[in-house]
Amino acid sequence: MIHDYPTLEAVDKDVLSLIREQRKMLRHQVGQTPLRWSGFLRKNTFARALQGSNSIEGINANLAEAVAIIDEERPDTLEEETIRALQGYRTAMTYLIRVHDDPHTQINAQFIRSLHYMMINYDMTKLPGQWRTGPVYVVHEPSGDTVYEGPPADEVPRLINELVAQINSADDVDSSTVLGAMAHLNLAMIHPFKDGNGRMARALQTLIIAQNGASSPTFCSIEEWLGRNTQAYYEILKEVGRGSWNPGNSALPWVRFCLRAHYQQAATLMKRNAHFGRVWEEISKITREHGLNERVENALLEAAFGYKIRNQRYREEGGISDVVASRDLKRLCELGLLSPVGEKRGRYYVGDLALLDIALRTRDTSKAGDPYKMIAQRGTSDQLPLVM
């Protein structure tokens, strides 16, 4: 027995309707933007998910370092083990992005084990791709107290088979978003691996939602949100688990927690997309005023948000020669838009103050509301805004 898909109440269905409308709007917004702008949104969102999911496990990187990992660079500010852990996550999630809409992709026990191997193979002592062989305890590090004990190891294969059956019941449930939340909860509670269970549970949740057509894995993940709300995440798992494997406990509080996360994360993405658009417009104006080729716009957009620009990546993304790339970057420095850092092969470029100011002064700092409170206060979902 695993945690059952819960019976949703009317308010839960109202929140799901809001989330579906948000996703439709986001797909439309992204579809209307220039390819380079939407590409930057995808990379930025992927990097934030990488950063958020791994920070929950104590594997920390700032956003610029996460972007570098996405770009297959090796930040010299991170320790080797951290780099390898982040690379493992990147590999696993890139695989999910590639196969989520492949009709031949089937989620089964071996798929889950293989995904775990991709994510954790940087440390063979963690038994990547293998079920745990002994008991597992989740310990609260500050106090040393055991906060959760998973089911016995010999039950793991059977429980995973039940989980797989639940995952593949998409045609029999009313929401893939809720189904993804249940996969996350059950994998986290079964705790089938020696290590990496949290990252695996979050990745599996993202795949299930994307596989059932809600959105691409990049845009339907709540890993960024969970990284910002880690304490609340631990508390809700503690509330549902109550210290040990208790699949008879109601999963509805967990599902509502996830629906709040999806609503607020979607609102964040919509605001972020609009913010990128405002920055892009100002950068496009600058390039026209100085007679620059539009290929420099993507580099300036990244630099405006504090990312490093390297000659090699700039020329690869633009399909240009080293001579042309060097000339472009030199001109941007002469105009006071970029500043060089370092010498020769180690040189990179960062946005100058005027460029960084564009991103800062066009930010929308408003916070997304709690959809459950919004529905309760207004009495109907029909009049609720999708972004706040």
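A nonpolar core is a set of buried Ala, Val, Leu, Ile, Met, Phe, Trp, Tyr and Cys residues joined through side-chain atoms within 4.5 Å, where buried means under 20% relative accessible area, with a 1.4 Å probe and protein chains only. The structure described here is a predicted model, in which local features need pLDDT of at least 70 and side-chain atom pairs count only at pLDDT 80 or more, while totals for chains, interfaces and linings use all residues. Residues are numbered from 1 along each chain as its sequence is written, and side-chain values use heavy atoms, with hydrogens and water left out.

The largest nonpolar core has 113 residues, of which Ile112, Ile160, Leu163, Leu204 and Trp254 touch the most other members. Helix H12 (residues 252-289) supplies the largest share of this core, 15 residues; helices here are DSSP runs of H or I with at least four residues, numbered from the N terminus. Contact means heavy atoms within 4.5 Å. Apart from residues up to four places away in sequence, Ile112 touches Ile107, Trp131, Ile160, Val164, Phe193, Met200 and Leu204.

His116 lies in helix H5 (residues 109-120). Because its relative accessibility is 0%, His116 counts as buried. With neighbours within four places in sequence left aside, the contacts of His116 are Lys126, Leu127, Pro128, Gly129, Gln130, Phe193, Asp195, Gly196 and Met200.

A cavity is a set of points, on a 1 Å grid over the protein atoms alone, where a 1.4 Å probe fits but cannot get out, and its lining residues have an atom within 4 Å of a point. Grid points are joined across faces, edges and corners, and a volume is the space filled by probe spheres set on the points. The structure holds 2 cavities of 30 Å³ or more.

The largest cavity contains about 70 Å³ of space. Helix H1 (10-32), helix H9 (217-220) and H12 are the elements that each give two or more residues to its lining, and H12 gives the most, with 4 residues. Among the lining residues are Ile19, Arg23, Phe219, His262 and Leu269. The lining divides into 7 nonpolar, 3 polar and 1 charged; Ala, Val, Leu, Ile, Met, Phe, Trp, Tyr, Cys and Pro count as nonpolar, Asp, Glu, Lys and Arg as charged, and the others, Gly among them, as polar.

The second largest cavity contains about 40 Å³ of space. Helix H2 (35-56), helix H4 (80-99) and H9 each give two or more residues to its lining. This lining comprises Phe46, Ala49, Met93, Ile97, Thr206, Pro217, Thr218 and Ser221, divided into 5 nonpolar, 3 polar and no charged.

Methods
Buried means under 20% relative accessible area, exposed over 50%, partly exposed in between (1.4 Å probe, protein chains only). On a 1 Å grid over the protein atoms alone, a cavity is a set of points where a 1.4 Å probe fits but cannot get out, and a pocket is an open set with protein on both sides within 12 Å along at least five of seven lines; lining residues have an atom within 4 Å of a point.
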